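Try each task before reading its solution.

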Amino acid sequence: MSQKTKIAGWIAVGALAGALTTVSLQTVARGTLAPLPLEELQQLAAVFGMIKSDYVEPVDEKKLITDAISGMVSSLDPHSQYFDKKSFKEFREGTTGRFVGVGIEITQEDGVIRVVSPIEGSPADRAGLKPGDLITRIDDTAVRGLTLNEAVKRMRGEPGTKVLLTILRKDENRTFPVTIVREEIRTQSVKSRVVEPGYAWLRLSQFQERTLDDFVTKIEDIYKREPNLKGLVLDLRNDPGGLLDAAVAVSAAFLPEGVTVVSTNGQIEESKSVYKARPEDYMRRRGADPLKRLPAALKTVPMVVLVNEGSASASEIVAGALQDHKRATVMGSQTFGKGSVQTVRPLGPDTALKITTALYYTPSGKTIQAKGIVPDIMVDDTAEGSPFAVLRMREADLEKHLTGAQEEKKGPAFDKEREAALKRLEEESRKPAAQRRPPEYGSDKDFPLMQALAKLKGQPVKVSQTLVERKEEPKTE
């Protein structure tokens, strides 16, 4: 197996730590380092000594050093992170799609924990947690002041044990407790169904170790039921990303062999790579290529890819590759814009550093960092529009995010839109809970899916009258 394939196999989403991120696990020895700033290191040592000798109570030396490393790394960007023994184990478990917890993907916002999305079918999903919910307390511990790792640790535990989360739901202007029973989360990353004769829906909720095999099985099932498939909808909405090799494989299933799927570029040579639609760039181990079992018709069947603001990282790679090669029509709303690669470098047998080392680029050379994939056709969430789109957080909204090219400029018009959306949310919160629950993806009430089917059939599509591309303007100092 080539070194590039080894690296590709470990590019993953840190779902357990709540980070929407693409990472690469490497054990590459570093070369010569730049001279260390001795004066600053002396100051660090002096502060360490003063805390040890003068602080009001004894402080654990190892904890001081660990906290110093964590602070240094977290100051870089939203996705770089120090893994201690437990969080590194949890991170590696996350790529398998099996772990014990409550089943949410989270990020940090203003000192509290924000729910990016509950994992479908998880205890958190069944408990009614929603994207955008803020976790303010975990059991009796206030979240403010905890690192993301510390918050994750407190939510993890043994199967069958309970954790009490205090939730702040801004759109309903209320705080409430939720007791969740931890369980082993076995995420099913691929779902499918024939929505009507000749047309199928295939949903990827995450890119994991088993995604390729499950993807192939679902496609085979579709073709058994519909040998003359007329159209396919690939649904990547709210897919936070995952393993890069899985994203390359899914792209390769629809693209001509050997074409570029994605490239990466960074400061060091090992961060400069091109991943193509070929087995050596997506097969994690030796053996038969599962994609060879797929019917040749899959390469040409008309396709629509559905995306939204929750489509990030690896899902943006797939959407960007199919869009650039004009293999599919991308519909929905502008994606999250997570276009950076994090490399996980082990520091010892059970600790590691996850550090941003590169940006990734679509086949045409476009970076999507802090911008995302812009759909070919903008489609609303519902027939009534997307009234709350302006409230959704994207990469460009995260503190310390990297800029791909230019920074988005927001002015009075944006603030006015937000204010109007907040008022609509307040009105919506007064409705019964059953009326507020959005239609299930893949159902006949799924408005974007219905528009995707209309596109495949050559029928009129209800194009959004409100969603627009988030324009970028030069940053001003």
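Throughout, contact means heavy atoms within 4.5 Å. The model is predicted, so local features need pLDDT of at least 70 and side-chain atom pairs count only at pLDDT 80 or more, while totals for chains, interfaces and linings use all residues. Residues are numbered from 1 along each chain as its sequence is written, and side-chain values use heavy atoms, with hydrogens and water left out.

**Exercise 1. Describe the surroundings of Phe-254.**

Step 1: Phe-254 is found in helix H8; helices (H or I, at least four residues) and strands (E, at least two) are DSSP runs, numbered from the N terminus.

Step 2: check its accessibility. Buried means under 20% relative accessible area, exposed over 50%, and partly exposed in between, with a 1.4 Å probe and protein chains only. Phe-254 counts as buried because its relative accessibility is 0%.

Step 3: list the partners. Not counting residues up to four places away in sequence, Phe-254 touches Phe-215, Leu-232, Leu-234, Leu-298, Lys-299, Met-303, Leu-322 and Arg-327.

Step 4: From C-alpha to C-alpha, Phe-254 and Ala-277 are 9.2 Å apart in space, and they are 23 residues apart in sequence.

**Exercise 2. Characterise the packing of helix H7 (residues 211-225) with helix H8 (residues 244-254).**

Step 1: recall the two quantities required. Packed helices are described by the angle between their axes and the distance between the axes.

Step 2: read them off. The axes of H7 and H8 come within 9 Å and cross at roughly 25°. Axes are lines fitted to C-alpha atoms, for helices over the stretch in contact, and angles run from 0 to 180 degrees between N-to-C directions.

Step 3: classify the angle. H7 is therefore roughly parallel to H8; angles under 35 degrees count as roughly parallel, over 145 as roughly antiparallel, 65 to 115 as roughly perpendicular and the rest as oblique.

Step 4: name the residues. H7 contributes Thr-211, Leu-212 and Phe-215, and H8 contributes Ala-246, Ala-249, Val-250, Ala-253 and Phe-254.

Step 5: sort them. The residues of this contact divide into seven nonpolar, one polar and no charged. Here Ala, Val, Leu, Ile, Met, Phe, Trp, Tyr, Cys and Pro count as nonpolar, Asp, Glu, Lys and Arg as charged, and the others, Gly among them, as polar.

**Exercise 3. Work out the burial of helix H9 (residues 314-324) and of helix H6 (residues 148-155).**

Step 1: take H9. Eleven of the eleven residues of H9 are buried, so this helix is largely enclosed by the rest of the structure.

Step 2: pick an example. Gln-323 in H9 counts as buried at 12% relative accessibility. Leaving aside neighbours within four places in sequence, Gln-323 is in contact with Ala-328, Val-330, Lys-366, Ile-373, Val-374, Pro-375 and Asp-376.

Step 3: turn to H6. The buried residues of H6 are Leu-148, Asn-149, Ala-151, Val-152 and Met-155. Seen down the axis of H6, they fall within an arc of 160°, so they line one face of the helix; the arc is that of the directions from the helix axis to the C-beta atoms.

**Exercise 4. Where do Asn-173 and Ala-370 lie, and is each buried or exposed?**

Step 1: locate both. Asn-173 lies in the loop between strand E8 (162-169) and strand E9 (174-181), and Ala-370 in the loop between strand E19 (352-361) and E20.

Step 2: compare phi with expectation. Most residues other than glycine have a negative phi. Asn-173 has a positive value near 55°, and Ala-370 a positive phi of about 65°.

Step 3: assign accessibility. Asn-173 counts as exposed at 72% relative accessibility, whereas Ala-370 counts as buried at 5%.
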